[in-house]
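Hello,

Here is the structure I said I would pass on. Please look it over when you have time; my notes come after it.

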Protein chains: 2
Amino acid sequence: MAVELLDNEQTELLLNQLNEALGSGMFVHVRQMLLNMAASDIALVLESSPPRTRQVLWQLIDPELAGEVLEELGEEMKDKFIRQMSPERLARAAAGLDTDDLAYILRSLPDSLYKQVLQSMSIQDRSRAEQALSYPEETAGGIMNTDTVTIRPDVNVDVILRYLRQLGSLPEATDMLYVVDRHDVLLGAVKLTALLTCSPSTPIRELIDADIEGIPATMSDTEAAALFERHDWVSAPVIDAEGKLLGRITIDDVVDVIREDAEHSMMGMAGMDDDEDTFGPVLKSSFRRSLWLTVNLFAALLAASVSNLFESTLEQFATIAILMTIVPSMGGVAGNQTLALVIRGMALGHIGQSNSRWLIGKELAIGFLNGLLWSVLVFVAIWLWKGDLALGALIGGAMLINMTVAGLAGASIPLLLKRLKIDPALAGGMVLTTVTDVIGLFAFLGLATAFLMR
Amino acid sequence: MAVELLDNEQTELLLNQLNEALGSGMFVHVRQMLLNMAASDIALVLESSPPRTRQVLWQLIDPELAGEVLEELGEEMKDKFIRQMSPERLARAAAGLDTDDLAYILRSLPDSLYKQVLQSMSIQDRSRAEQALSYPEETAGGIMNTDTVTIRPDVNVDVILRYLRQLGSLPEATDMLYVVDRHDVLLGAVKLTALLTCSPSTPIRELIDADIEGIPATMSDTEAAALFERHDWVSAPVIDAEGKLLGRITIDDVVDVIREDAEHSMMGMAGMDDDEDTFGPVLKSSFRRSLWLTVNLFAALLAASVSNLFESTLEQFATIAILMTIVPSMGGVAGNQTLALVIRGMALGHIGQSNSRWLIGKELAIGFLNGLLWSVLVFVAIWLWKGDLALGALIGGAMLINMTVAGLAGASIPLLLKRLKIDPALAGGMVLTTVTDVIGLFAFLGLATAFLMR
């Protein structure tokens, strides 16, 4: 029986023990420890280990468990291990997997290997895999499993109870049986709790929960996850355009979608790929982060070229140069606050055409109000520091302009990007910072030039 | 029967219809529309509406549904509506709620109202509420419900089947029955799927899933959620220090925890409170964002005071002033990438004492490598732009220093903050940016002063 890790302390302890045993070359001992662990805990240990330790651990894992462990790993690591496995070992690992994980493994293989693995599979696994592969990865069809238990509407509960006893077991996270007609068209579902609490002579037809509608296989996985969240579902049927039952989505896959989408927003806003592995190799990570840094270099050069326009002002007043970073900085923070709010609202499905104008107006107002407040504060601060009233007024004025623009830009940039089908979580921050940097420098240096250079 | 919204388009359409009806004062029509909607969809509509529309909609909602709608709302809005309700209406709304939501409502009331509402409740609700209130909000005990169905180990399945038929219904998301001894100590659980698939003469004792251990009521909700995610649970029992069954946690509450934690990281990194309501009132939002902007003003002034140290260099070379924003900007982006990675890793429980040193080393290496690459690029760019080899070399050197520091700081700041019990998602970004700004300016202006001012 697998011992499960119950808290962070236990995990920490286990990691230390494993590392010690690995360090002193006690591989037999490590293998024994791994045999006593649940697949999900082995995955946690792998995710928490540096590359070299990982490799050793992976070799020591029971091949029967390899598939289940793969299921639980992050994408970057999963892909790496899949590429190392032989077609036979892959087919064996794939045997016990959920349909969606099966499809994932096959998708990530090069064409030559793909055929070999498919041929090594059982006929049943092969047909499951082929069906799942017919839907794109980020749709309801792509995350569904085909392990549905279906029943007919025209029998009584006792017939179904006998049928279930014959089956002997039900798939994980089964909370309902799907009622279909003879053409496999979904008529509804019967909850297990209903089967257990009603009289055995009740006709199935009377127990059908008509509130349960099928999710179209082509719906995006994010939208399907929002439905699960809103309706507190444990599982939901997936149907094709004709209403035929194709499979079901279970809450554990939905949790993964929610987790991934949230990570995507958070990592994206920092200019990171959410697939990046925390303990991945250095060179690969360096490379992954390059795109964002390149874009930022251009943005920074653009900002510098704005300052360049005011070279003569900067030549004459070194104080202006000293203070000029304050205005873009405050605008950037204010704009990013708005951006985060709007990106979250869009992810939750709260923002649409009917309310986006109101939202932009509100953020513009907040930007203006905060601009007023901080322009006064910065005016006082600069006046006290530099003893120059005019300078304080200049920087305060620039601050008011830039923070108002930041509110407007923070709200409208993600909406605009979404309309252009560009991911706001990824591009929003960079576009916004460029805007607040450029406007901030223009406002401050422009005002300084107009009022000081006479 | 409630009609459920199935996708974003339907939501958008409905919002438009509601707004139109509200705009033309057809309140009876709106009330009718709301009667046909599920509580979760009404909550979605409220979350997506500006404050004034919300107020009107809230008045039109069926009082019987008010509790369920409250359950689904974000904290800021929920608190506001709770404050508007009379004690009687609150007690009525609370009647049908899950224990954790009941506790939430009571917690958010002022003391005087609290007693009134508690007195208006049924005895059963009151004792449920009092139990839930004995655990802090962000623990397993704080998110548990007391709606467990318990059985004894020494009977056969047919006895339980008869018992369940007598009960007539089971709580939402019931996937297992808990087996307890006569002192209510948890012995294990029996899955509904096991009850349905085994012979009625099987003793319960044989069906007990001993893998299922109780979650201690004092465990943090985030840790409990990680266990759910790792083990694909639908529900799990909560126990006290003596092993007695207190209640259970269900996956829908876990999804809320995962969502909230993820939002906290994402919003926190942008300097936002994750409770902030997208369509909340302007003044309140302005105020909420002030703290962060104040902190940033000090950080920006600190950076400016660094530039101030090099006033004479800036006086002599306006070009230095023009280019000086590039180095902090690149360092900030590189550091933020690392910060996001580490904060995610900490949230997933991947980072502990055993691997944090390795991680810092890795990020330092990436910072150095990226620093090398971009110092070369920026050297070429500045040489081409300004036709000055020395200037290109200076900025390249400063870039290398700052990006290496950014890698080191991005990895070690969140680890340090966590040890100091300060939330890294909230404070990490600001501390990091201050470090990269100060070091970046010091490096560039310092090098420029050393090499140009002779």
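This is a predicted model: local features need pLDDT of at least 70, side-chain atom pairs count only at pLDDT 80 or more; totals for chains, interfaces and linings use all residues.

Chain A: domains and annotated spans

The domain assignment divides chain A into domain 1 (8-140), domain 2 (150-250) and domain 3 (289-452). Between the centres of domain 2 of chain A and domain 3 of chain A, taken over C-alpha atoms, the separation is 53 Å.

An unreviewed UniProt entry lists residues 291-310, 316-343, 364-385, 391-417 and 429-453 of chain A under "transmembrane region". I looked at the model for two of these spans. Residues 316-343 of chain A are 89% helix and 0% strand, with 43 Å between the end C-alpha atoms. Residues 391-417 of chain A are 100% helix and 0% strand, and there the end C-alpha atoms lie 37 Å apart.

Chain B: a helix pair

In chain B, helix α4 (residues 51-60) and helix α6 (residues 75-84) have axes that come within 12 Å and cross at roughly 55°. On the α4(B) side the contact involves R54(B), Q55(B), W58(B) and Q59(B); α6(B) contributes M77(B), K80(B), F81(B) and Q84(B). Sorted by class, the residues in this contact of α4(B) with α6(B) are 3 nonpolar, 3 polar and 2 charged.

Regards

Note on methods. Residues are numbered from 1 along each chain as its sequence is written. Chains are lettered from A and ligands numbered from 1 in the order in which they are written. Side-chain values use heavy atoms; hydrogens and water are left out. UniProt positions are given in the numbering used here, feature names are shortened, and annotations may be inferred rather than shown by experiment. Helices (H or I, at least four residues) and strands (E, at least two) are DSSP runs, numbered from the N terminus. Domain bounds come from an automatic or database domain assignment. Axes are lines fitted to C-alpha atoms, for helices over the stretch in contact, and angles run from 0 to 180 degrees between N-to-C directions. Contact means heavy atoms within 4.5 Å. Ala, Val, Leu, Ile, Met, Phe, Trp, Tyr, Cys and Pro count as nonpolar, Asp, Glu, Lys and Arg as charged, and the others, Gly among them, as polar.
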